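Here is a short briefing on aromatic pairs and nonpolar cores. Have a look at the model first, and then let's walk through it together.

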Amino acid sequence: MPDISLTTVLVLCLAAGAAGWVDAVVGGGGLILLPALMLGLPGSTPAAYALGTNKAIAIVGTTGAAATYVRKTPVDVRLAVRIGLAALAGSSGGAFLAAGLSTEVLKPVVLLVLIGVAAFVILRPDFGTAPAAGPVGPRRVLAAIGLAGVGIGFYDGLIGPGTGTFLVLALTAVLHLDLVTASATAKIVNVCTNVGALATFTWQGTVLWQLTLPLAAFNLAGGMLGARTALKKGSGFVRGVLLVSVLGLVATLAYEQWLK
């Protein structure tokens, strides 16, 4: 365990709580927590420890948010798990290729996609605000498994940032869900992918468990509060948070691409 001051731990706890809230509402909590960990840990700490500790913390908040959603809103858990298992496989494939493929080539592409997503959300104010559709046909289920599962899971293993946001967008577009139901389904998918990633990081010994425990408690509280907020405020509120998250991700990737 690296030598970290109590003040730094408290700041990281607040970041973990904020990340849990954002992740539960619309995804993308890693954009808050992972940079905070990388800044808070001593400079000599390998980046793998920030990644592993981030996953150990995030899985707690994601699970709490998923449980809150399932108790309070109708979610097709069986479908979500099927997509999640596909995402687990896709993420494994992406992680396998990540070592031999430069993600710098893909970042500009992702950036353009995100700008397009932001424009779409702005120009389509009704996106994700309609009530959730009824039972979906097998073609849409297969499309969701392929896009939200294998495709976004692969992206998660290869690059990572904004995976939760992409899941919400894909599930809303393919399955015609409202944004609240899509967020709920995305949390279950995220639990599935996080289990596989955490198992790998644990096997590699790159999880700082002493730091994980207090931060996970804050992340769990933030995740459950975020889920309750989304359920209370509805799809219009989630749409606003979604737009802010997408623009934040655009700014983050643009900074890394051209200014860092």
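Is Trp-21 buried, partly exposed or exposed? Trp-21 is partly exposed, with a relative accessible area of 24% (buried means under 20%, exposed over 50%, partly exposed in between, with a 1.4 Å probe and protein chains only). This is a predicted model, where local features need pLDDT of at least 70 and side-chain atom pairs count only at pLDDT 80 or more, while totals for chains, interfaces and linings use all residues. Residues are numbered from 1 along each chain as its sequence is written, and side-chain values use heavy atoms, leaving out hydrogens and water.

**Aromatic pairs**
- The structure holds two aromatic pairs (ring centres within 6.5 Å, using the six-membered ring of Trp; planes under 30 degrees apart are stacked, over 60 edge-to-face, the rest tilted).
- Trp-21 and Phe-237 are edge-to-face, because their ring centres lie 6.1 Å apart and their planes meet at 80°.
- This pair links helix H1 (residues 6-26) with helix H10 (residues 235-259), 216 residues apart (helices are DSSP runs of H or I, at least four residues, numbered from the N terminus).
- Phe-237 is also partly exposed, at 27%.
- Tyr-155 and Phe-166 are edge-to-face too, with 5.3 Å centre to centre and 90° between the planes.
- Tyr-155 is buried at 11%, and Phe-166 is buried at 13%.

**Nonpolar cores**
- Ile-83, Leu-171 and Leu-175 touch the most other members of the largest nonpolar core, which has 51 residues (buried Ala, Val, Leu, Ile, Met, Phe, Trp, Tyr and Cys joined through side-chain atoms within 4.5 Å).
- H10 gives this core its largest share, nine residues.
- A second, separate core of 17 residues includes Ile-4, Cys-13, Leu-41 and Ile-57.

Notes: Helices (H or I, at least four residues) and strands (E, at least two) are DSSP runs, numbered from the N terminus.
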